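Visitor: Hi, I'm new to this one. Could you walk me through it?
Guide: Happy to. Let's bring it up first.

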Amino acid sequence: MNNKELFHAKIEGREQLILPKSFRDCSFFTIRHADALYQENEAIVSSQNPERAFVPYEQNFDSDLSPEGKEKAKEKAESFLTQFEPSKDVLYFASSNLIRARETATIFLEIAKSRGFQIIQATKNLSHKIKTEIQSNLGGNEIRMFESLSLDIDNMLIEFVFHPHNYLNPREGEEIRVSYPEKISQATKELWEKARKIIESDNKGTWGKNFLAHGEKIKKMFSEYAIQHLDEKVPTITSAEDMNNTRFRGMLREMKTVKNKIIEYESTHGKRVRVLAFSHENSLLHFLDKEFDQQGIDKLEAVGYDVIYDSTGHEHYVTAIEDTNHNSNIKEITLPKLEIIK
């Protein structure tokens, strides 16, 4: 890739050469949330309806990070923000509508403000996806909720099928998580048994790595079962590649929209805009595996991106993985194909 041929942006009628070279040069950063308690997830699977959907609006708490997670988030924020300067950079915060991501964003936000960074406030940010009082307690309108950063979970129990711990059939010494196993459908019980055989024959040790490694095979098994049992309500599985083709693609497209606003802002204010977006590993797993041969993403790990326009107006998406010095090299990526999950 020839940067000098590709990376141009038209600002106020003139061409300005933009040469992102490393992670720290990016405009957008997605950061996985800190270590969490997963209170709503656990509450659902231990309830009398363990297969119900996760509804973000039903989150009745404004803290879901573990004590260690909060401390690690503070340490990470202090380190991460050293690569920017309040005199040169302004920050824009975005987050998933899940508390653990928004709480992590709030910790970064407060440290950024204490360091003197200007924060661009979001507009029209109220959402039925999160309660107003929780939004107010966690960053208010200084953190924008992006749908592409969030998760849709239709069956909470099935979400745990990739967990290293077997929620339905715990091994000796493991905690019992499902309080009402008699409330689980027969289809789910049968599929769970088959799926766990796949997981436990090659348990990768984390939810994300199991989802990446075994998601497609388990998804196919669920689909075949549904075709054979048309009279039953059968849960569905979304694979890491599905998430890449929908959520991750949506995130890149959302970045393109924001990038156009960033170009206008930077041309009139003379400062660089940096977008800090807090999300989950689900939609990043396939992308990281494909582009960087990296299986999984650690808590608080960050990925940098940018959208650059060439002289013909065509956009190019570039990315870089964070390293200890925030300076890993940029590479160009292709926008994932559009795929509608049925």
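Visitor: By class, what residues are in the lining of the largest pocket?
Guide: This is a predicted model, by the way. In that lining there are 13 nonpolar, eleven polar and eleven charged residues.

Visitor: And which residues lie nearest the centre of that largest pocket?
Guide: Those are Asp152, Asp154, Thr236, Ile237 and Thr238, out of 35 lining residues. Two or more lining residues come from each of α6 (156–159), α8 (207–228) and α9 (240–269).

Visitor: Which element gives the largest share of the lining?
Guide: That's α8, with six residues.

Visitor: How much space lies in the largest pocket?
Guide: About 940 Å³. The second largest pocket holds about 500 Å³. Of the 26 residues lining the second largest pocket, Arg32, Tyr38, Trp207, Glu281 and Lys299 are closest to its centre.

Visitor: Switching to helices: which residues of α7 are buried?
Guide: Ala187, Thr188, Leu191, Trp192, Ala195, Arg196, Ile198 and Ile199. They sit on the same side of α7, because they cover an arc of only 155 degrees around the axis.

Visitor: What's exposed on the other side of α7?
Guide: Lys197 and Ser201 are exposed there.

Visitor: And what covers the buried residues of α7?
Guide: The cover includes α6 and α8.

Visitor: How far does α7 reach from its first C-alpha to its last?
Guide: Helix α7 (residues 186–201) reaches 23 Å with its 16 residues, close to the 22 Å expected.

Definitions and conventions
Residues are numbered from 1 along each chain as its sequence is written. This is a predicted model: local features need pLDDT of at least 70, side-chain atom pairs count only at pLDDT 80 or more; totals for chains, interfaces and linings use all residues. Side-chain values use heavy atoms; hydrogens and water are left out. On a 1 Å grid over the protein atoms alone, a cavity is a set of points where a 1.4 Å probe fits but cannot get out, and a pocket is an open set with protein on both sides within 12 Å along at least five of seven lines; lining residues have an atom within 4 Å of a point. Grid points are joined across faces, edges and corners, and a volume is the space filled by probe spheres set on the points. Helices (H or I, at least four residues) and strands (E, at least two) are DSSP runs, numbered from the N terminus. Ala, Val, Leu, Ile, Met, Phe, Trp, Tyr, Cys and Pro count as nonpolar, Asp, Glu, Lys and Arg as charged, and the others, Gly among them, as polar. The expected span of a helix is 1.5 Å times one less than its number of residues. Buried means under 20% relative accessible area, exposed over 50%, partly exposed in between (1.4 Å probe, protein chains only). The arc is that of the directions from the helix axis to the C-beta atoms. Contact means heavy atoms within 4.5 Å.
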